[in-house]
Amino acid sequence: MPKLREALSGVPAYRAGRPAAPREDGSPAYKVSSNENPYPPLPGVLEAVAQAATELNRYPDPNATRLVAALAERLGVETDELSVGPGSVGVFQQILASVAGEGDEVVYAWRSFEAYPIMVQLAGAVSVQVPLTADHRHDLDAMLKAITERTRLVIVCTPNNPTGPSVGLAELDDFLDAVPRDVLVLIDEAYREFGGAMDPAADPAKRYRDRSNVVVLRTFSKAYGLAGLRVGYAVTRPRIAEALRKTALPFGVSGVAQAAAVASLAAEPALLERVSALVAERERVLSALWGQGWPVPDTEANFVWFPLGAATEAFAVECEAAGLVVRAFPGDGVRVTIAEPEANDRLIALGANARDRHL
């Protein structure tokens, strides 16, 4: 038998959210397990996709020139400060390939994004998981203490997936000042648009450009609704961006995906309108759940977190019986996407009936 890498031993498979199966009574079921945007593509996107699809016989632009230029203009950065990839996970893999190897350490909060430990182990590096605080936030002081001479990367996921709270800009500023300059800090902002962070003055991509060891990671999968096309990008100093381009999969972002992302950037008014509607729905759901007595943390993402511990799987089963396919993290909790109002209404109704059984 061929020999496989030892790093593969014990690597858990990534568990994607399951689709909702048809219900016996014919009523709709909702997939609220993957933090997908319930809205269709933004105006102009389908037309851009259709046009790009006429050139499927050609390789895509390996440098994503139009997309990089559009992002640079939108963010107020230089084109050599950007690198794109197949979703934020793809760019994260490029970051790991650039800084972490066998025996190096990667520090991040836990629980956080499920792909972190998988990708770190595949890189041959070592995960250093720092527990969240009691209110499900990053413990930045503990993360600083976890940094050693072997640390090559520190990840800050804000808003944190799957719990929801964001790291404040002031505390993040202090944290970045304290991290050694030879350690790269990744600010993973997959859900930033839902946290009221669209104000350019609050944009870490600008605020921390003067730091040589910071990379900001973003995606078109969530607020922009391009989860099926896989487009992510990083904003960082030119030297790091160049390394990310070196470690990128050739032609990793399809021409269709590039065209869709460019068109999405041009539809910002519609994006902001949809984000506002989802945030309003999130606040409605949070208020209802808090009123029912659920200890869900405040969230700035497009999901809510039920910290249920041992009751996690039982609650997930009850949700599925009610037509809601949720994302269960056994032993920790359940994450539920803010989706169509009808799905959110069903979650609120379920919450009113299920609280006493699971708390």
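Colleague: In this predicted model, is Tyr116 buried or exposed, and what is its relative accessible area?

Modeller: Tyr116 is buried, because its relative accessible area is 1% and buried means under 20%. Phe113 also counts as buried, at 15% relative accessibility.

Colleague: How should I read the pair that Phe113 and Tyr116 form, and at what angle do the planes stand?

Modeller: The general idea is that a pair of aromatic rings is described by two values, the distance of the centres and the angle of the planes. Phe113 and Tyr116 form an edge-to-face pair, with 5.4 Å from centre to centre and 85 degrees between the planes. Phe220 and Tyr224, in turn, form a tilted pair at 4.8 Å centre to centre, with 50 degrees between the planes, and both Phe220 and Tyr224 are buried.

Colleague: How many aromatic pairs does the structure hold, and which residues form one aromatic cluster with Phe113 and Tyr116?

Modeller: The structure holds 12 aromatic pairs, and Phe113 and Tyr116 belong to one aromatic cluster together with Phe92, Tyr108 and Trp110.

Colleague: Let us turn to the core. Which residues touch the most other members of the largest nonpolar core?

Modeller: As a general idea, nonpolar side chains in soluble globular proteins tend to be buried together. Here the largest nonpolar core has 87 residues, and those that touch the most other members are Leu67, Phe175, Phe220 and Phe306. Helix 9, residues 255-265, gives the largest share of this core, with eight residues. A second, separate core has 23 residues, including Ile95, Leu184, Ala234 and Ile240.

Colleague: What does Phe220 touch, once residues up to four places away in sequence are not counted?

Modeller: Among the residues that Phe220 touches are Leu67, Leu71, Leu226, Val231, Tyr233, Ala261 and Leu265.

Colleague: How can I read the surroundings of strand 3, and how many bridges join it to strand 4?

Modeller: One can begin with the cover and then follow the partners on either strand. Strand 3, residues 105-110, is mostly covered, with five of its six residues buried. Six bridges join strand 3 to strand 4, residues 126-131, and the two run parallel, with Val128 in strand 4 as the bridge partner of Val107. Strand 3 also pairs with strand 5 in the parallel sense, over four bridges, and there Val107 stands opposite Val154. Together with helix 4, residues 115-122, strand 3 and strand 4 make a right-handed β-α-β unit.

Colleague: Finally, which residues is Ala328 in contact with, leaving aside its neighbours within four places in sequence?

Modeller: Ala328, which has its place in strand 11, residues 327-329, is in contact with Arg15, Thr312, Ala316, Gly333 and Val334. Ala328 is buried, with a relative accessible area of 11%. From C-alpha to C-alpha, Ala328 and Ala314 are 9.6 Å apart in space, and they are 14 residues apart in sequence.

Notes. Residues numbered from 1 in each chain as written. Predicted model: local features only at pLDDT ≥ 70, side-chain atom pairs only at ≥ 80, totals over all residues. Heavy atoms only, no water. Core = buried A, V, L, I, M, F, W, Y, C linked by side-chain atoms within 4.5 Å. Buried < 20%, exposed > 50% of the residue type's maximum accessible area, 1.4 Å probe, protein only. Contact = heavy atoms within 4.5 Å. Pairing = 2+ DSSP bridges. Right-handed = clockwise from strand over helix to strand, strands pointing away. Phe/Tyr/Trp six-rings, centres within 6.5 Å; stacked < 30°, edge-to-face > 60°.
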